[in-house]
Amino acid sequence: MDPKIVAFCCNWCSYAGADLAGVSRMQYPPNVRIIKVMCSGRVEPSFILRAFEVGIDGVLITGCHIGDCHYVSGNLRAEDRVKMAKELMKTLGLEEQRLRLEWISASEGEKFASVIKEFVEDLKSVGPNPLGKGEASCP
Amino acid sequence: MQASKKVGAVIVVGGGISGIQASLDLADSGFKVYLLEKSPSIGGVMAQLDKTFPTGDCSICILSPKLVDVGTHPNIELITNADLTEVSGNAGDFRVKILKKPRYVDEEKCTGCGDCVSACPYINLPDEFDMALRSRGNIFIPFLQAVPRVVMVDREHCVKCGNCQVICDAGAIDLYQKPEEIEIHVGAIIVACGFDSFDPSGIKEYGYGRYKNVITALEYERLVCASGPTGGHLDRPSDKKTPNSIAFIQCVGSRDVNHNPYCSSVCCTYAVKEAIMTKEHDPAIDVNIFYMDMRTHGKGFEEYYNRAKEEYGVRFTRCRPSSVEEIDSRKMLIKYENEDGKLMGDEFDLVVLSVGLKPPKEVKELSEKLGIDLNRYGFCSTSEYSPVETSKQGIYVCGAFASPKDIPESVAQASGAASKASSLLSSERGTLVVEKSYPPEKDVVGEDPRVGVFICNCGVNIGGVVDIPEVVEYAKSLLNVAYVEEDTYTCSRDAQDRIKGAIEEHDLNRVVVASCTPRTHEPLFRSTIREAGLNPYLFEMANIRDQCSWVHLHEKAEATEKTKDLIKMIVAKARLLEPLERIFVEVTHSGLVIGGGIAGMTVALELANQGYEVHLIEKEKELGGNLRRLYYSLSGVSPREHVNKLIDAVTKNSKIHVYTGTNIVDVGGYVGNFIVKIDQDGDEKDLASGVIVIATGGVEYKPEEYLYSEDDRVLTQLELEEKLANNELNAKTIVMIQCVGSRNEERPYCSRVCCYDAIKNALKIKEKSPDANVYVLYRDIRTPGFTEDYYRKARDEGILFLRYDEKEKPEVTLDDGILKVLVVDRTLGREFLIKPDLLVLSAAVLSHPGNKELSEMLKVPLREDGFFLEAHVKLRPIDFSNDGIFLCGLAHSPKSIDETLSQASAAASRAVKILSKDRVEAEGAVISVDEILCRGCGRCEEVCEYNALELKEIEPGRLVAQVKKVLCKGCGTCSVACPSGAITLKHFTDKQIIAMIDAMAGIF
């Protein structure tokens, strides 16, 4: 089972951190697809649920470290929304490990790579998304 | 008052990265620029490099957008293949004569199609760009991304067969073209003529020119480059086989009294880079760097060196090899003396000489024409306190011609030189410039989406991993995709023309580029599609390099599938893109500088000299910063005196408002309109400014080792200097220990100034008491550039340099009141016990402790070591990603006085680019409120940090949220908070994001 992950990266810290991982040629598994948003606070719980609904196995939300948010408090709001989404996931019978929130700065390419590695391993042990009916497995 | 006779134009001599940066800065702040380049294309040496240190960025990829910018800038006139012949006049009003050598091609007519290049039957001339490692024809384009993209005929070898003339539809070829003399009128001159590589054939013992498998580092750079002669295959010249072992020899033509005594500054780090590149090509290749001192003193370089050793397994051998010989089967034998004094002979398949930098050969003549002085080595003569000023007023210098230096330093110095020219000519700003004009925007609303997808190979950076032809076929199958193109480099100038052509020809109304990261290249492509009449927001980028090919180097099939997904997702979004209205905001024409040290005061003066009001904020009670504690410099001028002069100038300047004993409490606003709340002794006050410059400086580390603060004979360099200045030195034997608190696990970086300070103070001690014994215990002596002379002088004067190993640090003990230092000198391989009267610690430079708080208020990033993280380490060393905020001096990283001053001038130049405008463009991707859906609950008003939303009663009893677009920063938090779905964040709408998720899952 090769899990498929969508990562929402904020423009200022974590998208730049993901770029830095590339620039430093840090290798991580090819299971993740990044969607750039301006702020982690832009991620609607509905995006998260949609991802699970269409069969994606894991959702990663990454933002600036607390206190560093380019928009002051967007990451705090992201934190609240992730909590809310986790509640909703329970009612749908989805394991909460499928949703992960991480703070990754523009200088933490290494952290980006290691988060992806870990998340892929975690999802492998959790198993495929039960809502997925198998149609969205990774190549 | 004297009537102004100044001219609002500047000529920049030299089109390498320094000249390019100086030109762009000036042209963007209201001056007409003539960029003169002796060769057929701008780009300089940076265009020839494969990768850049320490990030491993593809060199041409990051340079190319700048080349395109210069080529299309309405206020830059490019004069290539031309030489300066005569200069007359004075500062503010020069007349410059230029001889434009014939290209034998009409630059106006040539389209750069290259048909003539393939029609030329004679392909046997050495290709200069590829270091003669491949051949070119008599008619050629210097390189793929050349600007201007115009062919050039090598008439010397041309037999005038006429094939090129026959094939050229444009009728551009004129084999009888004559040289042309041009005269231009400018107010200032910037000399950025770069450097020449040292030619190692004069060092007979290394065999360059005699042995095929001894090459220079620049040749090696072309050899590993994807667009180079071997297509990026590491083939050694003699037999085209991949070498199993490669040796790099450092200091070839540098630090050598028989050739060039100075240090070329960049070779250590470029060798580390080339070694890493080699290991990335094939980790099995054995790489050994033979060096004397490893001089990786720039920002992030020491960490890079550590990674080469620890992660990549590059070997480092300390010695200067005595000879290179070719033995059987073309093995190269390097003879050297190892650290134990044994004579060794190691075999390698390929030897790379890390050749130094020397002044370009034409500078002697050029300097005579310009009337500027050269220093003893033939570089431009400057002083420590005016690093960009030549001996002649109105003529400035930057880049390697001022002294050997790397790219970020060159870029900063180029901006610094631009600032000086801009100050001189500030009365003439805007007199000779034109606004860039664009065609009217096409109305695409209501049209079916027609998406054009441009997929970049990035040489082999992407194409070497991802199966691009397969991806192209796949992209063609996607809904609404009307056109797909594969490019070698989508960022090149000709690719921009192709994108514009394709928009026209295929009636495209959305454009997707799949290549590197939007963080560096989105502005270029947005501008390209705008030139073709499309709203810039009808563009999207798929990041298939930084976030795909580079991180999945060994999983080619998976990387190809991921690339397809990424393109599918971006196309799904692109289909839903809407044109957005661009917003312009007025600019407050004043600057705010944080930090009143040498950097901050220099910025303040330069802004004031250019006519802008400045608020200068200093935490301490007095201006001056660290330099108040420095009494000496190697050049002889006291830093303290310079600082006092600056303080005097700053306090007397009526445009500069100084706030000492002042803290920053809060920062609000945005580029052009910042509001900074300050607290001066309990009085709070708001200051308005258009830009903010961070010049917070650094502090000296308080050592916790070597009995510091336990014994008062143990001092830091700053404390020693104070003693020296007060004539309180009463010591016969002095030991200095280098790298105290630097280059260790806690602080991996090099503090850069400590070697300089130690040598400076050691020489001062010798000057004051010639009988004193001074020992410097060091790991590597780092005296880059011309400061190497002082290192040599120190040795000549009997100062003893003992090298200790990081793992075997000196031991300092107190034995019955006697201070004892025990050190193992690695060079002699023996132990020394010294009983010094004074022990001086060269303590690390630390980032300012206030940086953390400031970075949070300004929303700009910090590195883990507490220094600020700039927008791009190579090409934007002074900028942040956040518009309108700049940095300089020790806030950036530890650095010397002259470099700090260059950066400070550079920060002023970058700031003036904004301050000189009446309005700047603000982000157009902001929110909108659907008034019908809005219930007026006020949730959005609560979550918005910028007061961009406000409830208004639009009719009695009906509240609706209203947006102040200028204040909105486009984070989208409110759109998530809105319970009724009335708020849409443009360019990141729910529909667009859901479409991407669905596309990823294979659902349309």
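This is a predicted model: local features need pLDDT of at least 70, side-chain atom pairs count only at pLDDT 80 or more; totals for chains, interfaces and linings use all residues.
1. The contact between the two chains draws on 57 residues from chain B and 53 residues from chain A. The size of an interface is often given as the accessible area lost when the parts come together. Here the area buried between chain B and chain A comes to about 4800 Å², with carbon and sulfur atoms giving 59% of that area.

2. On the side of chain B that touches chain A, the elements giving two or more residues include α12 (518–531), α14 (556–574) and α24 (990–1000) of chain B, and α24(B) gives the most, with seven residues.

3. Helix α21 of chain B, residues 897–915, has 19 residues and spans 26 Å from its first C-alpha to its last, which is close to the 27 Å expected at 1.5 Å a residue. This helix, α21(B), is mostly covered, since 17 of its 19 residues are buried.

4. A search of the whole structure finds zero disulfides over all chains. A:Cys10 has its nearest cysteine sulfur, that of A:Cys64, 3.7 Å away and is in no disulfide, because a disulfide needs the two sulfur atoms within 2.5 Å. A:Cys10 counts as buried, at 3% relative accessibility. B:Cys978 is likewise in no disulfide, and the sulfur of B:Cys937, the nearest cysteine sulfur, lies 6.2 Å away; at 14% relative accessibility, B:Cys978 counts as buried.

Terms used
Residues are numbered from 1 along each chain as its sequence is written. Chains are lettered from A and ligands numbered from 1 in the order in which they are written. Side-chain values use heavy atoms; hydrogens and water are left out. Helices (H or I, at least four residues) and strands (E, at least two) are DSSP runs, numbered from the N terminus. The expected span of a helix is 1.5 Å times one less than its number of residues. Buried means under 20% relative accessible area, exposed over 50%, partly exposed in between (1.4 Å probe, protein chains only). Contact means heavy atoms within 4.5 Å. Buried area is the accessible area (1.4 Å probe) that two parts lose on being put together, summed over both.
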